[in-house]
Each structure stands twice: as structure tokens, then as C-alpha cells.
Amino acid sequence: MVMGQENHQRRAVHPEDSKWTEYFINAPALSCSCQTLEESIKERRDKLVTKVHCMIQGYTSSKIHLSHGMKIVDAIERLGVGYHFHEEIGMFMRVLNDTPARENDMAEAALRFRLLRQHHYNAPSDVFGCFLDKNGDFKETLRHDVDALLSLYEAAHLGKCDEDLLKSAVVFTTSCLSAMAENDQLPQPLLEKVEHALTSPTQRRMKRLEAKLYISIYENDEDSNHDILELAKLDFHILQQMHRDEARRFSLWYKELNVRSTLGPYIRERPVECYFWSLCVFYEPQYAKARMMFARLIKIFSLFDDTFDSYGTLEELHLFNNAVQSWDEGAAKQIGDYFGYVMSLLSKTLNEFVVGGASPLGIDCTKKTIKEASRCMLQEIIWREEGQVPLLHDHLKFSTISTLYWALACISFVDHRMDANDDVSIFCWAISSPKIIENSAMITRLMDDISGHEWEKDGGGVPTAVECYMKEYGVTVQEAKKALWCLVEEQWRSINQEFLSNTTVPIPLLTRVINLARLMETLYKTTNGYTHCSGVTDPISNVLDTCVSH
């Protein structure tokens, strides 16, 4: 008998299993005729890439019509094809940054501000001062200018912690746009734009899902560029075929592990959801190897989390944590086959990553963060078993680390091709508990707890941030959730600030940390989309299954 099992009721099986695993495993391979068609699609895509290259270079070299060039660059990036034009867009942004802003056009000023901040330029927010009245409020004339409101709304979500004007801009634009949408004042194409923005601002959207959803919005835009639209459709199709094949191979890898026969009904069977998670962090074709590494590790982290949350007794988990701290597979095996399997799979997988070319220093950093997460998970279980509800500060001190986002950030860096000096500086930074990783993990923890509070409470789970806030401040569930949403907003402003101020880490790596937070807008905004996987069916279908007409 497994130690302690006679005195412990294992937690109930998770509520549902994913439908996607068998779906992708059984997906048919491309026929010869289809392969020929795919080749012609790629040829057409490449011709359009060359054409758009020239288009961007034209705006950059002439330094005129920059306002139109901004719209082109914004569309390219929102449609998910910006990775083709990294150098050209970089040159355009340098020219844009060196060109003074025009002060009489809110839509243009806000777009310029947003693009610059998205590209690591610390554009000043006082550019919006000329759009205020003598009382410091936004001018009444803006209330009916939909383009200006949309542009300001998107820009304001790039605000930093101390920028009160941009906080006011979010409130002002949200109120105006919501009223327009609710009162049926807008034509359908414009209404779709507004509703899309109000659901989630561009800064917080998963980029691959945004590309799919924005194609139909851009297609209905009277100012859309035909070549860019066609490029976006063809490129999405090409990448979708690659991503579908990766999802199939990952599902096969997971099925061959035969995890459920070893670990029983206490685990969440979510291989495709884990792959989807990795797709959020990096979707570009050059990161195929990194995606598969990331997906494998997040699947194993899911087993690790279920071991603490749903399977182990407190006595077992003390021993398991000791085994993790010493990285001792034999010690884990002695606790029971379940614990030995999880520890062995984790250790074996990290070793395989090193053999496959991953940074050994990066893997060492990942192990250190896993040890920290294990320690924090154990503390959460102690609270649960002893019936304690800690202060919110104490809860978040442990629960942000137990999200394993610190470890996920580290593993997202290990496939980056760096020289030895870069390797050292980046992983020294990563292991130092950087603020931007803390912000991303905090968003994850808060949104998970807000969306999953009722399920955790009914299922006898660990105390959530909602429960901690309620007890500490003597408020209702809804009041606690409202306060925690405000804390989520603070984390996003801090992310913006850290992104702009960081000069240690390359922008693509910082973007991966932000992408981890962006996934929460898809997975956890309304429900816990990982545990209750039906909540993420539509996003997965949009990205991996539903085709784009081209």
C-alpha cells in the first residue's frame, strides 16, 4: 500500500478530458496532389513577402506618408506576418521615432505611441496632453470619434505604473466605446472592431489567435491592403498546416507514454492544450524545436502539479519535495511508483533537452526554479490540510512561484542561439526573480484563482487569492474578485514598464515572458480553461482546425 493512503482520500478525478488528442492523431496526411497545391501556395506567399518588403522600405526611405506606413506596419503585425519583416519594420520604427509627432490627430498620435512602445521605444505619454480640456479631462469632441477612441484605447493599455493619464484614458475610451456598441450606433464592420477591442486589447492578445480573428476584421476594413490581406491568409494556412502536424506528433508522443495507465484518474489529459500553450509563446516556424520542448515540459509540469494537488498525502508530499530538492529519482521511487514515474520523466526529459542542444546552464536554471515551485506547492498543501487561509501577501508569495511560470520562462530561453557570454548574462538574470516574470506569474495566479475559485472551494482545493482577500478584508466574493482584477491591471502596467526599461535581455525573450501572460486572456479570463478544457475549444479550433478561405 502506498504510504499514507489508508488515511487520505485522493481528490476526485478532474471533470473532463480533452477531445483533441485522438482528433489530431487520426488526422489524415496530405496527399500528393495536396502537397503540390501547398507548394504553389508557398510560392505565392513568398512573392507577396517580397512585394510587402518593398512596400515597407518605400515608407522608410521616403520618410513621407509615415501615417499610412504606421497603419501598414500595425496591420502586418496584428495579422501575424511581422516575422517576415523584422529588419524592415525595425528600420521603419527608427525613422518613426526620429520624426516628431503631429499634435492635431488623436488616432495618429495614439497609433504612433503604441507602435513605438511595442517596439521598445519609451515614447512619452505627454503627447496626449494637447487632447485635454482646461479641467484635465479628454475633450468632448473625442467622444464621438470612433477611430480616435479605438486608437487611444489600444495605446492606453501600454501605460506604465505612474502614468495616471493613460489609466484615465482606459476608463474614458472603454466607457465611450461600450456606450456606442450597446446603443447600436455603429455600422457592422466598425462594431466588430469595437467589440473585438473591448474583449481584449491588442497588447494582451495571444498573437496566433489574434492573427486568425483579425483577418476577418481587416478583410471588412475599407482601408485594407489587398496584398497584405492575401499574404496573411496564405501565411496563416501554411503555418496552420505545420502547427497541426506538430500537434499530431506531440499527441502521439504523449499517447505512447501511456501516462494514465501508470498514474490513474488523477491527472488532466491535456496534450493538445499544452501544445496550444507553447504556440502562444512562439508560433514562428523557426521555433519549431523550442515549441516541442516547451510543450513537453508543460505537460510534465501538469503531472507534477496534479501530484501535489490531487494525489499525494501530506506525508508523501513532504518526502516528494525532499526528493525534488536533492533531485533524487531513487528517493522519489521509494515513496511510490507514481512519484517515481513523475520524477523520472521530468529528469529524463531535461537530460534529453541538453543532449538535443539546449543550453546546459538554462536547464540548470530550470531545475532550480522547479525546486522552488515544489517548495511552494508543499506550503499550499500544508495550508489546505491544516485548514489555514493565509494573508493575501503570504499566499501570493508562494502561489506565484507555484504556477511554474518562472520555470517556463527559463525553458523558453534555452533554445535561443546565444554565445557563451549571452548565455550567462541571460540565465543569471532569469534566476534572479526578475520583476517582469513575477508580473506574468502574478497575472496567471490571480486570473486562475478568480476564474477557478468556486471549483476549488467546492472541491476542497488549496485556498485561492479570492478566499484570502475575503477573509483578510471581510468582503464578499464579488468585491474580492473586483479588487483582484485591479491587481491584475497593476501587473500589466508593471509588465509594460519592465519591458521598456530592460536592457539586459533581448526583446524576443522578453516577449516570450509577456506571451505567457497573454495566454491568460484566452485560458482564464472567464473560466479555468485548462482544468475545464471545453472552455478553450473555440480558441484551439480557430488556431489549429478551422481553415482560412484564400
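Modeller: A pocket here is an open set of grid points with protein on both sides within 12 Å along at least five of seven lines, and its volume is the space filled by probe spheres set on those points. The model is predicted. By that rule, the largest pocket holds about 1,200 Å³ of space.

Colleague: What makes a residue part of the lining of the largest pocket, and which residues lie closest to its centre?

Modeller: A lining residue has an atom within 4 Å of a point. For the largest pocket 40 residues line the space, and Glu77, His86, His119, Ile507 and Thr511 are the closest to its centre. The elements giving two or more residues to this lining are α3 (66–78), α4 (86–98), α5 (106–118), α9 (207–219), α12 (271–281), α23 (477–501) and α24 (507–523). Of these, α24 gives the most, with seven residues.

Colleague: What is the volume of the second largest pocket, and which residues lie nearest its centre?

Modeller: The second largest pocket has a volume of about 930 Å³. Its lining consists of 32 residues, with Lys71, Asp147, Lys193, Asp221 and Asp223 nearest the centre. Lys and Asp count as charged, so these five central residues belong to the charged class. The whole lining divides into 13 nonpolar, six polar and 13 charged residues. At least two lining residues come from each of α3, α5, α6 (146–156), α8 (188–199) and α9, and the largest share, eight residues, is supplied by α3.

Colleague: Why is a space called a cavity and not a pocket, and how many cavities of 30 Å³ or more are there?

Modeller: In a cavity the 1.4 Å probe fits but cannot get out, whereas a pocket is open. One cavity of 30 Å³ or more is counted. The largest cavity contains about 40 Å³ of space, and its lining is formed by Phe282, Ala290, Met293, Phe294, Ile411, Ser412, Val414 and Asp415. Both α13 (288–311) and α19 (405–413) supply at least two of the lining residues, with α13 giving the most, three residues.

Terms used: Residues numbered from 1 in each chain as written. Predicted model: local features only at pLDDT ≥ 70, side-chain atom pairs only at ≥ 80, totals over all residues. Heavy atoms only, no water. Helix = DSSP H or I, 4+ residues; strand = E, 2+ residues; numbered from the N terminus.
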